Amino acid sequence: MTGPETRSRGVNALLRGLRELGYVYGQDFVTEPRGGESNSELWPKQASELVQLRVDVIVSAGLMVRACKQATSTIPIVMAGNGDPVGEGLIQSLAHPGGNITGLADQSVDLVGKRLGMLKELAPSAKSVAIISTPERSQLIQETIEAPARKLGLKVLWLDIRDAGELDGAFRAASQAGAGSILVGAMRITLPEARRVAELAAASRLSAMYNPRPYAEAGGLISYNTDIVEIWRRAAVFVDKILKGAKPADLPVEQPTKFELVINLKTAKAIGLTIPPSLLQQADQIIE
């Protein structure tokens with residue numbers, strides 16, 4: 001048995017990483033999947049369920065890591081991506097996590113400035129950028145986004161949504177406010193709706209930047225992010241070390257070295273946008 005089939009590229013990468021390390025699903029380990037829903041109110045309950053099951057390791061990502069930390073201070077937690085684990089108080093430092101959490105940060109905080117810079121190249125006359133996020137995430141990333149935006153002369157328009165049903169209204173608000181570009185970052189809500197999000201952005205004639213590549217593959221204009229699949233595959237190494245007796249407090253948190261810039265030229269042509277040569281030269285993939 002190679003492992004369960006999942007719709008998550010990340011989880012599939014984790015299972016592949018464990019196989020590469022010699023683990024056999026059903027013989028050496030089994031999984032207890034939780035999460036995936038956009039409703040963050042469910043996460044504490046799901047984290048508590050894992051604690052009650054007395055799992056050996058919890059692998060989590062993003063804001064779900066906090067729910068896991070609140071549920072247990074003893075079960076090892078491996079992060080498969082978190083933007084600022086030190087700033088969020090999840091660990092003491094990257095070199096010395098100090099608690100029951102280790103794994104990989106995804107540098108999403110550091111990438112914000114680069115994403116905004118690319119948006120400025122795409123729409124140099126834009127005076128404002130709309131940010132689609134969730135209320136919880138907006139509180140965490142507000143200054144992280146507004147500081148580089150100010151340097152670029154961009155005013156930030158926050159458009160918080162709680163579910164996918166609010167997407168149409170968010171894009172309508174962005175257009176009515178005269179936003180020149182838009183940054184989509186609420187992954188748990190928007191990623192399952194990637195095609196619809198891309199269509200809304202195109203209909204609004206907005207230069208849109210997204211985080212992971214599935215957005216660009218679904219018709220989004222441009223995506224720039226760490227290689228999420230590689231992060232989850234690498235998380236298997238941390239799981240392996242912990243199962244062999246290592247303590248999370250002693251395992252330095254890693255930061256990714258691989259990033260992906262994907263540009264959808266088909267979408268650019270459809271909205272009448274010319275992609276600057278400087279961006280085309282940096283692209284890891286161009287969709288035509």
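1. Terms and basis. A residue is called buried when its relative accessible area is under 20%, exposed when that area is over 50%, and partly exposed in between, using a 1.4 Å probe and protein chains only. By that rule R205, at 53% relative accessibility, counts as exposed. The structure is a predicted model, in which local features need pLDDT of at least 70 and side-chain atom pairs count only at pLDDT 80 or more, while totals for chains, interfaces and linings use all residues. Residues are numbered from 1 along each chain as its sequence is written, and side-chain values use heavy atoms, with hydrogens and water left out.

2. Overall fold and dimensions. The protein chain has 12 helices and 10 strands; these are DSSP runs (helices H or I, at least four residues; strands E, at least two) numbered from the N terminus. Along the principal axes, the C-alpha atoms fill a box of roughly 55 × 35 × 35 Å.

3. Of the 288 residues in the protein chain, 50% are buried. Among contacts (heavy atoms within 4.5 Å) with a separation of 6 or more, 65% join residues 24 or more positions apart. The protein chain exposes about 13,800 Å², and carbon and sulfur atoms supply 50% of this area. Accessible areas come from the Shrake-Rupley method with a 1.4 Å probe; for residues, only the protein chains shown count as cover.

4. Charges. The protein chain carries 32 positive and 31 negative charges, and their mean positions are 3 Å apart. Lys and Arg count as positive and Asp and Glu as negative, whereas His and the chain ends are not counted. Each charge is placed at NZ of Lys, CZ of Arg, CG of Asp or CD of Glu.

5. Helix α10. This helix covers residues 228-243, and its end C-alpha atoms are 23 Å apart, in agreement with the 22 Å that its 16 residues should span at 1.5 Å a residue. The expected span is 1.5 Å times one less than the number of residues. The buried residues of α10 include W232, F238 and D240. As a group, the buried residues of α10 pack against α1 (9-20) and the strands β1 (58-60), β2 (77-80), β3 (101-104) and β8 (222-226).

6. L104, in β3. L104 lies in strand β3 and is buried, with a relative accessible area of 4%. Its contacts, not counting residues up to four places away in sequence, include I231, R234, A235 and F238, as well as M79, A80, V253 and E254. Of these, I231, A235 and F238 are among the buried residues of α10. The C-alpha atoms of L104 and S8, which are 96 residues apart along the chain, are separated by 18 Å.

7. V184, in β6. V184 is in strand β6 (residues 181-184) and has a relative accessible area of 1%, so this residue is buried. Leaving out residues up to four places away in sequence, V184 touches I132, T190, V197, M209, Y210, N211 and Y215. From V184 to S223 there are 39 residues along the chain and 9.7 Å between C-alpha atoms.

8. V156, in β5. V156 is found in strand β5 (residues 155-160) and is buried, at a relative accessible area of 15%. Apart from neighbours within four places in sequence, V156 is in contact with V129, I131, I145, E146 and A149. The C-alpha atoms of V156 and A179, 23 residues apart along the chain, are 8.8 Å from each other.

9. Positive phi values. R54 is a residue other than glycine with a positive phi, near 55 degrees. R54 is placed in the loop between α2 (43-52) and β1, and is exposed at 73% relative accessibility. R205 is also not a glycine, and its phi is positive at about 60 degrees; R205 lies in the loop between α8 (194-203) and β7 (207-210).

10. G87. G87 is in the loop between β2 and β3 and is exposed, with a relative accessible area of 56%. G87 and L140 are 53 residues apart in sequence, and their C-alpha atoms are 9.2 Å apart in space.
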